[in-house]
Amino acid sequence: PPILCGVCMPLFHGFMDGEEGDHHTKIQSLVNSANDNCHICKSLLQFALKRSGSLEHCMMRPYQYECLSHVYQGVRTIGITMDMLHEGSEISETRDFWVIPPSWVTTNYSIGQRISDIPLIDATRTAQIWMDNCLNTHKDCQKNLQPTFYPTRLLELQDSSVRVIYPERNKVVGPYVALSYCWGPPPITFPALIQPDLERYELGIPLSDLPIAFQEAVTVVKGLNINYLWIDAMCIIQPSEYSRGDWHLECTKMQAVYSNCVLTLALASASHPGESCLRSPSHPGMSPFQLSALATHGSEEKLLVISTDYYNDALINQPLGSRGWVLQENILPTRLLSFGSGELFWDCTQLPNGSETFPKGLRETPIHNAQKWARNAGTYNLSNFHGITKRSMYGVHEHSDLMQKWTDILGEYV
């Protein structure tokens with residue numbers, strides 16, 4: 001069961017719209033509550049330390065709370081405002097928490113209790129369920145099981161190796177997966193195709209020679225019963241003293257590569273391929289939790305508490321989300337499976353914002369329909385937590401709507 005401290009728990013009893021007041025007034029009080037495993041205080045302290053850089057700068061004055069009800073019946077928000085010192089200047093940040101009935105959404109609370117790596121077998125099984133559901137039941141999602149375009153080269157996934165093949169020459173049939181990931185800073189230490197190594201890549205490279213994140217990606221793709229994977233570093237001849245022409249030609253085909261893949265696999269939590277995507281010991285923010293509280297009329301009620309930064313913390317603000325080049329890899333695919341911090345995330349037209357915690361997403365809840373539920377939610381509202389994608393553009397024909405989508409894309413990029 002979730003633990004809340006004596007400062008946080010009263011906020012959920014007899015919720016009164018517009019109520020406000022002091023939260024923690026001393027930094028040591030916040031630290032003690034966080035150490036005692038108060039879910040909210042742990043997330044507040046973690047955020048404050050990240051923003052201010054030191055404990056002494058985490059609280060310039062008492063934190064303040066505010067309780068708000070929204071136009072959508074049953075949805076409430078508790079906001080906690082923190083005044084901190086950041087690089088010599090005082091800043092004020094608000095962390096908001098949605099409070100909704102648990103019956104609104106399918107929730108797997110066990111995900112937030114993970115204390116070890118994400119089991120690879122679990123990741124594969126979860127991905128298979130989402131994939132099968134999308135391909136078999138989603139009428140609005142393009143299938144791409146037999147694409148009209150293939151990249152110049154693909155990796156054929158074999159039992160213990162991968163090899164470069166040419167779809168046109170090898171008469172490839174069936175879907176492929178495209179990888180989205182961070183290369184990391186130079187020098188590059190993982191396999192990257194250059195002209196002198198082309199024949200070796202065509203003969204096959206042992207899976208054990210690939211960096212751990214690539215190995216995990218190969219295992220998941222094979223678990224989906226897909227035989228082909230596109231990784232730019234291994235399927236495009238990289239610029240070198242030997243050749244530059246292939247890269248300049250292939251980089252013009254990115255739109256086709258990502259639009260025609262059956263799935264894009266995003267290694268969101270890894271800053272480079274040498275980092276495991278499954279290593280995450282815990283959610284970096286606050287995992288959703290359920291609690292029992294006293295309603296205004298005195299009876300007990302069950303509540304589901306979700307940080308409005310749940311998706312930002314575990315996915316958007318991970319290393320991959322900071323790369324501008326990756327925006328097209330987010331926009332173009334029909335389906336996106338992301339290795340976030342602590343769990344997997346799924347996005348397609350009919351099931352946006354899916355996660356292991358929320359396997360069916362939040363589409364059927366009033367939260368999904370709200371335009372802006374929190375002061376600091378920014379552009380990442382839950383109607384599309386990955387940002388603006390091609391998936392959200394289907395059926396948009398009005399000039400004003402298209403202009404708004406384009407504005408949103410530019411806003412996300414910058």
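1. Contact here means heavy atoms within 4.5 Å. Take the contacts between residues at least 6 apart in sequence: 72% of them join residues at least 24 apart.

2. This is a predicted model, in which local features need pLDDT of at least 70 and side-chain atom pairs count only at pLDDT 80 or more, while totals for chains, interfaces and linings use all residues. Residues are numbered from 1 along each chain as its sequence is written, and side-chain values use heavy atoms, with hydrogens and water left out.

3. Confidence comes next. The pLDDT is the predictor's confidence in each residue, from 0 to 100. Its mean for the protein is 86, and 88% of the residues reach 70 or more. Residues 370-390 have pLDDT below 50, yet this stretch has 68 contacts in the model beyond near neighbours in sequence. Where pLDDT is low, the predicted coordinates should not be read in detail.

4. The protein has 13 helices and 15 strands. Both are DSSP runs numbered from the N terminus: helices are H or I with at least four residues, strands are E with at least two. Of the 414 residues, 54% are buried. Buried means under 20% relative accessible area, exposed over 50%, and partly exposed in between (1.4 Å probe, protein chains only). The accessible surface comes to about 18,800 Å², and carbon and sulfur atoms hold 52% of that. These areas come from the Shrake-Rupley method with a 1.4 Å probe; for residues, only the protein chains shown count as cover.

5. Look at the antiparallel sheet. Six strands form an open sheet in the order S1-S2-S3-S4-S12-S11. Strand S1 (20-22) and S11 stand at the edges with a single partner strand each, so one side of each has no neighbour in the sheet. The twist averages 30 degrees from one strand to the next. S11 pairs with strand S12 (residues 300-307) in the antiparallel sense over six bridges; two strands pair if DSSP finds at least two bridges between them. Leu294 has Glu300 in S12 as its bridge partner. Helix H2 packs on this sheet and touches S3, S4 and S11, and its direction makes about 35 degrees with that of S3. Such axes are lines fitted to C-alpha atoms, for helices over the stretch in contact, and angles run from 0 to 180 degrees between N-to-C directions.

6. Now H2 itself. At 1.5 Å a residue, the 14 residues of H2 (residues 39-52) should span 20 Å, and the end C-alpha atoms are 20 Å apart, which agrees. The expected span is 1.5 Å times one less than the number of residues. Its buried residues include Ile40, Leu44, Leu45 and Phe47. They pack against helix H1 (27-35), strand S3 (76-86), strand S4 (89-100) and strand S11 (289-294). Gly53 follows H2, with a positive phi near 90 degrees.

7. Ser69 lies in strand S2 (residues 64-69). Ser69 is partly exposed, at 36% relative accessible area. Leaving aside neighbours within four places in sequence, Ser69 contacts Phe15, Asp17, Val75 and Arg76. Ser69 and Asp17 are 52 residues apart in sequence, but 5.5 Å apart in space, C-alpha to C-alpha.

8. Nine strands form an open sheet in the order S8-S6-S5-S9-S7-S10-S13-S14-S15, with mixed pairing. Strand S8 (205-206) and strand S15 (354-355) are at the edges; each has a single partner strand, so one side of each is left without a neighbour in the sheet. Strand S14 (residues 344-347) and S15 pair in the antiparallel sense over two bridges. Here Trp346 has Gly354 in S15 as its bridge partner. Helix H3 (residues 120-137) lies across strand S10 (263-266), strand S13 (336-339), S14 and S15, running at about 10 degrees to S14.

9. Which faces of strand S7 (residues 177-180) are covered? Both are: Val177 and Leu179 are buried on one side, Ala178 and Ser180 on the other. Two bridges join S7 to strand S9 (residues 228-230) in parallel, with Trp230 in S9 as the bridge partner of Ala178. S7 also pairs with S10 in the parallel sense, over four bridges. Val177 has Leu263 in S10 as its bridge partner.

10. Last, Gly324. It is found in the loop between helix H10 (310-316) and helix H11 (327-331). Gly324 is partly exposed, with a relative accessible area of 33%. Gly324 and Glu412 are 88 residues apart along the chain, and their C-alpha atoms are separated by 9.1 Å.
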